[in-house]
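Subject: Structure handover

Hello,

Here is the structure for you to look through.

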Amino acid sequence: MDKKDFALTNRHGDLIRGNIHPAETGEAAPLLIICHGFKGFKDWGMFPFAADTLAAHGISVLRFNFSLNGIGDDPLNFTALDRFERNTASRELEDLDDVINAVEGGDLRIERTDPAKLVVLGHSLGGGISVVKTAEDARIRAVITWAGVSTFDRWGPKIKKQWREQGRMEILNARTNQLMPMGVCMLDDLEINSRRLDILAAAGRIRRPWLILHGDQDVSVPLDEGRKLYSSADASNTTLHVIPNTDHTFGAVHPFAGSTAALDSVLDVTATWLLNEARKW
């Protein structure tokens, strides 16, 4: 695979690290930017495999870490929890904008790729980021959500009250057993920017192609959230594809232990849909 690493400095002076997988076939390929989810990162489980697989289909792929996702110099471990504590949805939107600007401005050059054929793909919380950004940014030609959230507000009033009183909240990362701190800046952002960060409202403003993929056994982000996204979207441009008998990560685990039938299906549907749409551009 003709993969290359990159690092760019965002508008706040923080590093955004990523990897580019140019399309292996054809010329002027579409470019797919992958946005990971909450407690996620670009090298988690399925993402490198997914990028390689989609590149083999003729789609260029860019995967990156949001600058405050808690991953520092070590690409596989959360060693920068002070950054995680400062993260917000608005910061992730800014990071995605900085990545798109770098592609559009030529700072990130990708072989065999037409940067004007730009698509964003978000998993889980990254799905919400992708929806809001697509609603705001005409440069994005299409959007794909994998197990995407329908709201950024994942906590009830009682938890949010305690969170504010304590000044932070610690959440357990079941995989690493780390307690990951979240500052009240996340709550402040959701309240101050409530209109902008209303995912369902943003969904209703999108008039470009959108593929929604969701597992029917997802307990982290239930299928009902995918259905809410679809109900809020422009039906003439939106496709909902339910993957049967699978969970939030389509059976993939970290460290990656190989693909699954569900993940293979997700990648096949994604590649087929995206290439069909890109032929119209």
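**Helix packing**

Helices α1 (residues 46-56) and α9 (residues 261-278) pack with their axes 11 Å apart, at an angle of about 40°. That makes α1 oblique to α9 (under 35 degrees counts as roughly parallel, over 145 as roughly antiparallel, 65 to 115 as roughly perpendicular, and the rest as oblique). Axes here are lines fitted to C-alpha atoms, for helices over the stretch in contact, and angles run from 0 to 180 degrees between N-to-C directions. Helices (H or I, at least four residues) and strands (E, at least two) are DSSP runs, numbered from the N terminus.

Before going on, the basis: this is a predicted model, local features need pLDDT of at least 70, side-chain atom pairs count only at pLDDT 80 or more, and totals for chains, interfaces and linings use all residues. Residues are numbered from 1 along each chain as its sequence is written, and side-chain values use heavy atoms, with hydrogens and water left out.

On the α1 side, the contact (heavy atoms within 4.5 Å) involves Met46, Phe49, Ala50, Thr53 and Leu54. Their partners in α9 are Leu263, Asp264, Leu267, Thr270 and Ala271. By class, that is seven nonpolar, two polar and one charged residues (Ala, Val, Leu, Ile, Met, Phe, Trp, Tyr, Cys and Pro are nonpolar; Asp, Glu, Lys and Arg are charged; the others, Gly among them, are polar).

Next, α3 (residues 89-105) and α4 (residues 125-136). Their axes come within 10 Å and cross at roughly 60°. This crossing is right-handed. Ala89, Glu92, Leu93, Leu96, Asp97 and Ile100 in α3 meet Ile129, Val132 and Lys133 in α4. The contact has six nonpolar, no polar and three charged residues.

**Aromatic pairs**

The whole structure holds seven aromatic pairs (ring centres of Phe, Tyr or Trp, the latter by its six-membered ring, within 6.5 Å; planes under 30 degrees apart are stacked, over 60 edge-to-face, the rest tilted). Two of them follow.

Phenylalanine 38 and phenylalanine 84 have ring centres 5.6 Å apart and planes at 40°, so the pair is tilted. Phenylalanine 38 sits in the loop between β3 (29-35) and α1, and phenylalanine 84 in helix α2 (residues 81-85), so the pair ties together parts 46 residues apart in sequence. Phenylalanine 38 is partly exposed at 32% relative accessible area, whereas phenylalanine 84 is buried at 6% (buried is under 20%, exposed over 50%, partly exposed in between; 1.4 Å probe, protein chains only).

Tryptophan 146 and phenylalanine 250 have centres 6.0 Å apart and planes at 90°, so that pair is edge-to-face. It links distant parts of the chain, 104 residues apart: tryptophan 146 is in strand β6 (residues 140-146), phenylalanine 250 in the loop between β10 (238-243) and α9. Tryptophan 146 is buried at 0%. Phenylalanine 250 is buried, also at 0%.

**Two aspartates**

Aspartate 43 lies in the loop between β3 and α1. Aspartate 43 is buried at 16%. Leaving out residues up to four places away in sequence, aspartate 43 touches Asn19, Pro48, Arg63, Pro75, Leu76 and His254.

Aspartate 189 is in helix α6 (residues 185-192) and is buried at 7%.

Best wishes

Note on methods: A crossing is left-handed if the near helix is turned anticlockwise from the far one by less than a right angle, and right-handed if clockwise.
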